[in-house]
Amino acid sequence: MAVAPEKQEVRAEAKWIRVSPRKARLVVEHIRGRSVPEARTVLAFTQRAAAREIEKVLRSAVSNAETNPNLQWNGDDLIVSAAYVDEGPTIKRWRARARGRVARIRKRTCHITIKVALRPDVHVPAEAESQPKRAPAKRASAKRAPTTRKKKEATA
């Protein structure tokens, strides 16, 4: 039985963002499955506050993919393969109410994760699929200069 090759993804994550996860999920649904340039355009014209934070995470994921030496991907050839928002810890505060009572205020936080992958119709050059490039090994010189005083005195 043949096993399909695993799809490579690059991800970025932002934690403890001061936006309610429910509100952030509404924005994330608009970019899931879209190409990166299209997702950036959607986020630029979305008027919700969570769109700014999600745009930062998307920019970070694309940057991670472009700078990864094993992949050498172009940012315009990527799609948003997965985007989800998890609930973070809730900050609890109190507000004074009538007759000496208090009301709880919950300031919710979220963790935003975006994964990008190469579009299926884009072909990666063969040299990018091979091992990462390394600097050539230093050649051993035939005659090395002595490094310590004792060696200098021994040769003299």
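Arginine 32 makes contacts with Val80, Ala83 and Tyr84, residues within four places in sequence being left out. In this predicted model, arginine 32 belongs to the loop that joins α1 and α2. Its relative accessible area is 42%, so arginine 32 counts as partly exposed. Although arginine 32 and alanine 82 are separated by 50 residues in sequence, their C-alpha atoms are 6.1 Å apart.

Serine 35 also lies in the loop between α1 and α2. Is serine 35 buried or exposed? Its relative accessibility is 17%, and the cut-off for a buried residue is under 20%, so serine 35 counts as buried. Beyond its neighbours within four places in sequence, serine 35 is in contact with Leu78 and Ile79.

**Overall architecture**

The protein contains five helices and five strands. Along the sequence these elements follow the order β-α-α-α-β-β-β-β-α-α. Of the 156 residues in the protein, 28% are buried. Among contacts between residues at least 6 apart in sequence, 71% join residues at least 24 apart.

**The nonpolar core**

The largest nonpolar core comprises 31 residues, and those with the most contacts inside it are Ile54, Leu58, Leu78, Ile112, Ile114 and Val116. Two or more residues of this core come from each of β1 (10–17), α1 (21–31), α2 (36–44), α3 (50–67), β2 (78–87) and β5 (110–118). Helix α3 gives the most, with eight residues.

Valine 116 is one of the core residues with the most contacts inside the core. Which residues does valine 116 contact, leaving aside its neighbours within four places in sequence? They are Gln8, Glu9, Val10, Val36, Leu58, Ala61, Ala65, Trp73, Leu78, Ile79, Val80 and Ser81.

Valine 57 is located in helix α3. Its relative accessible area is 4%, and valine 57 is therefore buried. When residues up to four places away in sequence are not counted, valine 57 touches Ala12, Glu13, Ala14, Ile112 and Ile114. Ile112 and Ile114 are also among the residues with the most contacts inside the largest nonpolar core. Valine 57 and glutamate 13 lie 44 residues apart in sequence, with a C-alpha to C-alpha distance of 6.4 Å.

| Residue | Relative accessible area | Class |
|---|---|---|
| Valine 57 | 4% | buried |
| Serine 35 | 17% | buried |
| Arginine 32 | 42% | partly exposed |

**Packing of α2 against α3**

The crossing in which α2 passes α3 is left-handed. On the α2 side, the contact is made by Val36, Ala39, Arg40 and Leu43, while α3 contributes Ala51, Ile54, Glu55, Leu58, Arg59 and Val62. By class, this contact has seven nonpolar residues, three charged residues and no polar ones.

Two of these contact residues, Ile54 and Leu58 of α3, are also listed among those with the most contacts inside the largest nonpolar core. Val36 of α2 and Leu58 of α3 take part in the contact between the helices, and both are in contact with valine 116.

Notes. Residues numbered from 1 in each chain as written. Predicted model: local features only at pLDDT ≥ 70, side-chain atom pairs only at ≥ 80, totals over all residues. Heavy atoms only, no water. Core = buried A, V, L, I, M, F, W, Y, C linked by side-chain atoms within 4.5 Å. Buried < 20%, exposed > 50% of the residue type's maximum accessible area, 1.4 Å probe, protein only. Helix = DSSP H or I, 4+ residues; strand = E, 2+ residues; numbered from the N terminus. Contact = heavy atoms within 4.5 Å. Left-handed = near helix turned anticlockwise from the far one by under 90°. Nonpolar A, V, L, I, M, F, W, Y, C, P; charged D, E, K, R; others polar.
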